[in-house]
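Student: I would like to go through this model by question and answer. Please give the cut-offs as the terms come up.

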Amino acid sequence: MMDVVNLYNRLSRLPMGKTLFSRAVCQTAPYFSSISPTVETLAPGHCVVTMKKRRKVTNHLKTVHAIAMCNMAELAGGLLTDASIPKGARWIPSGMTVKYLKKAKTDLKATADGSGIEWSKEGTVQVPVSVTDTSGQEVFHALIDMNIKHTR
């Protein structure tokens, strides 16, 4: 199977390639389609996912629902982990700690930063994900526990 970064790089060069890649991810993990995400950037140690503020992701306050942001953070953190772990390793999320910092009133961008993580070790690592609004204000922050296993 083609690795996720290679597939992203190949598709993102095509017209609508990021949309094609994002839809393929949602076909593999259907729940992510509930937020209609777009994977903007994917590389080892870095992933950016965007989501438009649409009625289907809002709450009674007309702001982006907290669980939609959790979904977005898990997608960015999972893709980052998949892109960063050694070949042959596996991973699964095992927990998430979140902070809702501000009402999310606009389109959103989730940035997962794995630059400070030692990806070659086995066990649990914490992947930080920051969700910002269109003005660059952080509205949500997550630390996602990813359990990494090396296959032998």
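Student: Which residues of helix 2 are buried?

Tutor: The model is predicted, so local features need pLDDT of at least 70, side-chain atom pairs count only at pLDDT 80 or more, and totals for chains, interfaces and linings use all residues. Residues are numbered from 1 along each chain as its sequence is written, and side-chain values use heavy atoms, with hydrogens and water left out. Buried means under 20% relative accessible area, exposed over 50% and partly exposed in between, with a 1.4 Å probe and protein chains only. In helix 2 the buried residues are Gly17, Phe21, Ser22, Val25 and Cys26.

Student: What covers the buried residues of helix 2?

Tutor: Helices (H or I, at least four residues) and strands (E, at least two) are DSSP runs, numbered from the N terminus. Contact means heavy atoms within 4.5 Å. The cover of the buried residues in helix 2 includes helix 1 (4-12), strand 1 (38-43) and helix 3.

Student: How many residues of helix 3 are buried?

Tutor: Helix 3 spans residues 66-84, which gives it 19 residues. From first C-alpha to last it reaches 27 Å, close to the 27 Å expected at 1.5 Å a residue; the expected span is 1.5 Å times one less than the number of residues. Helix 3 is largely enclosed by the rest of the structure, because the buried residues number 15 of the 19.

Student: Is Met16 buried or exposed?

Tutor: Met16 lies in the loop between helix 1 and helix 2. Its phi is positive, about 65°, although Met16 is not a glycine. With a relative accessibility of 59%, Met16 counts as exposed.

Student: Where is Ser36 found?

Tutor: Ser36 is a residue other than glycine with a positive phi, near 50°. Its relative accessibility is 27%, so Ser36 counts as partly exposed. Ser36 sits in the loop between helix 2 and strand 1.

Student: What pattern does the protein follow along the sequence?

Tutor: The protein has three helices and six strands. Read along the sequence, their pattern is α-α-β-β-α-β-β-β-β.

Student: What radius of gyration does the protein have?

Tutor: The radius is taken over C-alpha atoms, and the globule rule is 2.2 Å times the number of residues to the power 0.38. For 152 residues, a compact globule would have a radius of gyration near 15 Å, and the value for the protein agrees: 15 Å.
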